[in-house]
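Me: I would like to go through the terms applied to this structure and the values behind them. Please set each value against its definition.

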Amino acid sequence: MYLSRFLSLHTLWVTVSSVMQHYPSVWGHYDVCKTQIYTEEGKVWDYMACQPEARDMIKYVKVTLDPPDITCGDPPETFCAMGNPYMCNNECDASTQELAHPPELMFDLEGRHPSTFWQSTTWKDYPKPLHVNITLSWNKTIELTDNIVITFESGRPDQMILEKSLDYGRTWQPYQYYATDCLDAFHMDPKSVRDLSQHTVLEIICTEEYSTGYMTNSKIIHFEIKDRFAFFAGPRLHNMASLYGQLDTTKKLRDFFTITDLRIRLLRPATGEIYVDEQHLARYFYAISDIRVYGRCKCNLHATGCKEENKRLLCECEHNTTGPDCGKCKKNYQGRPWSPGSYLPIPKGTANICIPSISSIGTNVCDNELLHCQNGGTCINNVRCQCPPAYTGILCEKLRCEREPGGCGGRSSAPGRAGAGPGPRLLLPLLLLLAALLAARPPRGC
């Protein structure tokens with residue numbers, strides 16, 4: 001009875017352990033790089049694709065303005081209130097903290113009263129264009145996971161371009177155009193993300209949806225990441241497996257959501273009307289109170305951690321990879337070409353770990369982590385596997401009888417292999433337990 005109960009509990013524990021091994025990847029979206037599992041050969045590492053958690057990337061950004069003297073306040077100047085050209089008693093003065101509007105106020109905590117914001121000089125040099133480039137740099141490859149959101153304290157600009165770079169600012173590509181009149185400003189028909197589909201999701205569009213000018217409740221501009229995800233994952237992003245599958249197999253789609261830098265090109269401030277009022281140019285300027293960018297460090301599915309070191313983000317690489325993006329194999333682990341991890345098959349993906357170089361195998365045949373001695377073999381000082389009598393090979397991976405005349409035909413299954421009875425390692429503890437239970441039984445007649 002005792003033995004039967006013990007065997008039932010053992011079977012239940014094995015089943016639960018097997019099921020739980022798959023949960024981290026299902027629930028955590030590739031948040032585990034490896035886990036230990038139990039096999040016939042003992043405890044071994046099971047590797048899987050993994051990625052860092054998404055976070056607020058503005059915490060790590062470096063901002064650059066061009067022209068560099070475009071921020072208001074040096075020298076001090078007055079500007080007019082929004083929508084009222086006759087209220088021009090607001091002052092911007094870089095030498096006074098309460099009146100200054102430096103670039104870092106684009107990224108401080110929201111909810112302060114009065115609100116804080118960066119502000120440009122006014123359009124005092126009209127008709128010369130008031131152009132401003134705001135460049136956000138991370139010195140790291142980032143994968144976007146949520147909408148880019150820009151909140152203007154002034155009216156939203158009449159014309160603006162959002163651009164991205166994948167090579168640290170050396171080259172730029174447009175992400176999206178914004179205008180009150182797309183055809184006039186950029187010679188493009190107006191569209192919104194809702195006009196796109198799975199087949200046109202990479203199309204660069206011009207939208208008039210976020211350029212309505214002076215409405216006080218219309219301060220926000222979006223670049224819609226989640227709406228584009230939804231073409232593959234469904235309206236509420238419930239089918240992330242489908243999205244991951246597309247990202248895995250379509251490099252252009254994966255690159256579309258990947259950046260090293262963003263650039264906001266402000267081309268024409270909000271005017272709220274067809275003609276510029278040249279008598280009140282102090283009413284035209286740019287002012288931004290908040291920018292939000294959410295994403296994760298790109299680590300090529302070889303890391304779950306990303307740390308800041310010397311003001312630079314670096315992946316905490318696993319799978320024997322190294323580099324800022326885990327983009328190459330570590331020394332002595334170049335036994336095959338480096339490859340990124342894969343989201344497929346869902347849900348654990350494929351780790352594509354780097355394996356030891358042939359030249360290093362002589363000094364590191366086994367390590368009980370990456371190269372585990374198989375079929376019950378024992379790793380001796382990392383230089384050789386001590387194999388059971390029935391096995392041979394560097395990692396005890398071959399049946400010894402395969403090298404004998406006649407091969408393994410007609411022989412009974414070797415210990416530890418499929419079809420064999422319980423191996424000695426399982427029988428011994430069971431026999432000891434049975435003996436202890438029998439010894440504990442009370443004598444007959446009591």
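Reply: The terms are taken in turn below, beginning with the basis of the values. This is a predicted model, in which local features need pLDDT of at least 70 and side-chain atom pairs count only at pLDDT 80 or more, while totals for chains, interfaces and linings use all residues. Residues are numbered from 1 along each chain as its sequence is written, and side-chain values use heavy atoms, with hydrogens and water left out.

Me: Why are helix 4 and helix 5 called roughly perpendicular?

Reply: Helix 4 (residues 226-233) and helix 5 (residues 240-249) pack at an angle of about 100 degrees, with axes 7 Å apart. Angles of 65 to 115 degrees count as roughly perpendicular, under 35 as roughly parallel, over 145 as roughly antiparallel and the rest as oblique. The two helices are therefore roughly perpendicular to each other.

Me: Which residues make the contact of helix 4 with helix 5?

Reply: Helix 4 contributes Phe229, Phe232 and Ala233, and helix 5 contributes Met240, Ser242, Leu243 and Gln246; contact means heavy atoms within 4.5 Å.

Me: What makes the pair of Tyr30 and Tyr244 edge-to-face?

Reply: Rings of Phe, Tyr and Trp (its six-membered ring) pair if their centres lie within 6.5 Å; planes under 30 degrees apart count as stacked, over 60 as edge-to-face and the rest as tilted. For Tyr30 and Tyr244 the centres are 5.1 Å apart and the planes stand at 90 degrees, an edge-to-face pair. Tyr30 lies in the loop between helix 2 (23-28) and strand 1 (34-39), and Tyr244 in helix 5, 214 residues apart.

Me: How do you know that Tyr30 is buried?

Reply: Buried means under 20% relative accessible area, exposed over 50%, and partly exposed in between (1.4 Å probe, protein chains only). Tyr30 has 2% relative accessibility and so counts as buried. Tyr244, at 7%, also counts as buried.

Me: Why is the pair of Tyr178 and Tyr210 called tilted?

Reply: The ring centres of Tyr178 and Tyr210 are 6.2 Å apart and the planes are at 55 degrees, so the pair is tilted. Tyr178 belongs to strand 11 (residues 173-179), and Tyr210 to the loop between strand 12 (206-207) and strand 13 (220-223).

Me: What makes Lys34 a charge over the ring of Trp45?

Reply: The criterion is NZ of Lys or CZ of Arg within 6 Å of the ring centre and within 35 degrees of the ring normal. The charged end of Lys34 sits over the ring of Trp45, 4.3 Å from its centre.

Me: Is Thr180 exposed or partly exposed?

Reply: Thr180 has a relative accessible area of 41%, which means that Thr180 is partly exposed.

Methods: Axes are lines fitted to C-alpha atoms, for helices over the stretch in contact, and angles run from 0 to 180 degrees between N-to-C directions. Helices (H or I, at least four residues) and strands (E, at least two) are DSSP runs, numbered from the N terminus.
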